[in-house]
Amino acid sequence: MKKLLTTTVMAASLSALTLTGCSSTTSTGAVGVDRQQLLLVSSEQVLQLSAQSYAKTIQEARAKRVLDTNTAQLNRLKNIANRLVGQVGVYRPDAAKWQWEVHTIKSNELNAFVLPGGKIMFYSGIIDRLNLTDDEIAAIMGHEMSHALREHSRERLSRQYATQTGIGVAASIFGLSQGQADLANVAGDLGLSRPHSRTQEAEADQIGLELMARAGYNPQAAVTLWQKMQRASQGEPPEFLSTHPASSNRIASLQSLMPKVMPLYQKARR
């Protein structure tokens, strides 16, 4: 059974690779992000989906009267975003022409995201509860912007499509029962989707660190940010079941990158 599940997951990957070649959506930058990405879904499809999702989020927040309620906080975020957006050309010149937007939602939730195409959303809770400095906000925003620059959503959709296609083919070829097919889905999730998501998180950490350094924000703030997040997120799941690296591992990785990004920060401050 284990061999059959492995064959199923392998079939998903092989099916995808036969449909298209791999490519990279960004330059390597100073931190050296250099990984070939599987991109079966078009950028246009992802942008359309993200635009719909963002519009719905804005509409619901406005209806609840929780959209952009703190003008000072919104302006603070916009100023930080402007400095970071000024650096995105290092990774992909076209991103400088995206229709970047910044909004806030009044909520106690520790959350922020940047959707494909440059749609930035911060929940007030992550700023207020963690008492974030501008440098720490830049660490979060740079990280989330990096997901958009690397088109990680497009990549995840592509891998999901490839995995489901491969599992469907394998189920037909090998005569898998529904229970076996469901187990194969779990194997695909743990063996492909989640580790891949952790890879994406690590990439976003690396690129985000460089963006904030080039924009004149102290990269060391990324470490203090995740120390705060670690304290606020007690009881986090084991790393192998999480789409995010364990906080301790993440902090260690960030610290290892400081020799590469501190000179960029020092140059930006001069």
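**Cavities and charges**

Guide: Searching the whole structure turns up two cavities of 30 Å³ or more. Here a cavity is a set of points on a 1 Å grid over the protein atoms alone where a 1.4 Å probe fits but cannot get out, and lining residues have an atom within 4 Å of a point. Grid points are joined across faces, edges and corners, and a volume is the space filled by probe spheres set on the points.

Guide: Some ground rules: this is a predicted model, where local features need pLDDT of at least 70 and side-chain atom pairs pLDDT 80 or more, while totals for chains, interfaces and linings use all residues. Residues are numbered from 1 along each chain as its sequence is written, and side-chain values use heavy atoms, with hydrogens and water left out.

Visitor: What volume does the largest cavity have?

Guide: The volume counts the space filled by the probe spheres. For the largest cavity that comes to about 60 Å³.

Visitor: Which element gives the largest share of the lining of the largest cavity?

Guide: Elements are DSSP runs numbered from the N terminus, with helices (H or I) of at least four residues and strands (E) of at least two. The lining includes H143, D205, W226 and L254. Elements giving two or more residues to this lining are α5, α7 and α8 (220-232). The largest share, four residues, comes from α7.

Visitor: How many charged residues are in that lining?

Guide: Ala, Val, Leu, Ile, Met, Phe, Trp, Tyr, Cys and Pro count as nonpolar, Asp, Glu, Lys and Arg as charged, and the others, Gly among them, as polar. By class, the lining of the largest cavity has eight nonpolar and two polar residues, and the charged count is one.

Visitor: How many salt bridges are there?

Guide: Side chains of opposite charge can pair when their charged atoms come close. The rule asks for a side-chain nitrogen of Lys or Arg within 4 Å of a carboxyl oxygen of Asp or Glu. By that rule, the count of salt bridges is 12.

Visitor: How many residues apart in sequence are the parts that D134 and R76 tie together?

Guide: D134 and R76 form a salt bridge, 2.6 Å from N to O. D134 lies in helix α5 (residues 134-149) and R76 in helix α3 (residues 71-85), so the parts tied together are separated in sequence by 58 residues.

Visitor: Which ring does R250 lie over?

Guide: A charge counts as over a ring if NZ of Lys or CZ of Arg is within 6 Å of the ring centre and within 35 degrees of the ring normal. R83 does this with Y217, 3.9 Å from the ring centre. R250 also sits 3.9 Å from a ring centre, over the face of W226.

Visitor: What is the relative accessibility of E210, which pairs with R214?

Guide: R214 and E210 meet in a salt bridge of 2.8 Å, N to O. They are four residues apart in helix α7, about one helical turn. R214 is partly exposed at 26%, whereas E210 is buried, with a relative accessibility of 0%.

Key: Buried < 20%, exposed > 50% of the residue type's maximum accessible area, 1.4 Å probe, protein only. 1 Å grid on protein atoms, 1.4 Å probe; cavity = no way out; pocket = protein on both sides within 12 Å on 5 of 7 lines; lining within 4 Å.
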